[in-house]
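Hi everyone, thanks for making time this morning.

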Amino acid sequence: RGGACAASVVIGDERVDYPFLHKLDILVAMSQAAYLENIDQLVPGGTLIYERDLVELDKPRDGIRACGVPATKIAVDLGKRIVLNIVMLGFFTEVTKVISPDSMREALLDSVPPGTEELNINAFNRGYEFGAEHILTE
């Protein structure tokens, strides 16, 4: 809720023996601090997903795919700024294709507070649609 936060996820077909990451294939940066602290860990050929109204790409890197989304604006347009992370989740799902949208929606519905399901699904869908509509033009 406004404070600094970091999380790592390891996805693979085999058992994960060491979950701490030193190099990143995908970096999601929702703040300038997160971008600056982690961009050097993104591998060549990696994907940077960022909140384009909050993150300035002032450390340009060749050989990475940079995909920006105005997640905060989309969330505000939906009436709740707090769902910007869910907008980002939808965008991430479309851009990376590491998980199906249906599986991500199912996981999302299992984790949101009762009574917020419609708002969160709408936020996810808006982020997903933004990725589908705009990512090829960047």
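I'll go from the sheet to the cores and then to the aromatic rings. One thing to keep in mind is that this is a predicted model.

Let's start with the sheet. Three strands make an open sheet, ordered β1-β2-β3, and their pairing is parallel. At the edges sit β1 (24-29) and β3 (65-69), each pairing on one side only. From one strand to the next, the twist averages 10°. If you look at strand β2 (residues 42-51), you'll see it pair with β3 over five bridges, in the parallel sense. For a landmark there, find Ile49, which stands opposite Cys67 in β3.

Now bring in a helix. Helix α3 lies across β1, β2 and β3, and it runs at about 145° to β2.

In general, nonpolar side chains in soluble globular proteins tend to be buried together. Here, the largest nonpolar core has 22 residues, and the members that touch the most others are Val69 and Phe91. Two or more residues come from each of β3, α2 (71-77), α3, α4 (101-111) and α5. The largest share, seven residues, is from α3. Leaving aside residues up to four places away in sequence, Val69 touches, among others, Ile74, Met88, Phe91 and Phe130. There is also a second, separate core of 10 residues, including Leu27, Leu42, Val55 and Ile64.

How many aromatic pairs does a search of the whole structure find? The search gives two. In one of them, Phe91 and Phe130 are tilted, at 6.0 Å centre to centre with 55° between the planes. This pair links distant parts of the chain, since Phe91 is in helix α3 (residues 84-96) and Phe130 is in helix α5 (residues 117-134), 39 residues apart. Phe91 counts as buried because its relative accessibility is 0%. Phe130 is at 11%, so Phe130 counts as buried too.

Then we have Phe124 and Tyr128: their ring centres are 6.2 Å apart and their planes are at 20°, so this pair is stacked. These two residues are four apart in helix α5, so about one helical turn separates them. Phe124, with 0% relative accessibility, counts as buried. Finally, look at the face of Tyr128: Arg105 lies over it, 5.7 Å from the ring centre.

That's my tour, so please jump in with anything you'd like to look at again.

Notes:
Residues numbered from 1 in each chain as written. Predicted model: local features only at pLDDT ≥ 70, side-chain atom pairs only at ≥ 80, totals over all residues. Heavy atoms only, no water. Phe/Tyr/Trp six-rings, centres within 6.5 Å; stacked < 30°, edge-to-face > 60°. Buried < 20%, exposed > 50% of the residue type's maximum accessible area, 1.4 Å probe, protein only. Lys NZ or Arg CZ within 6 Å of the ring centre and 35° of its normal. Pairing = 2+ DSSP bridges. Axes fitted to C-alpha atoms, helices over the stretch in contact; angles between N-to-C directions. Contact = heavy atoms within 4.5 Å. Core = buried A, V, L, I, M, F, W, Y, C linked by side-chain atoms within 4.5 Å.
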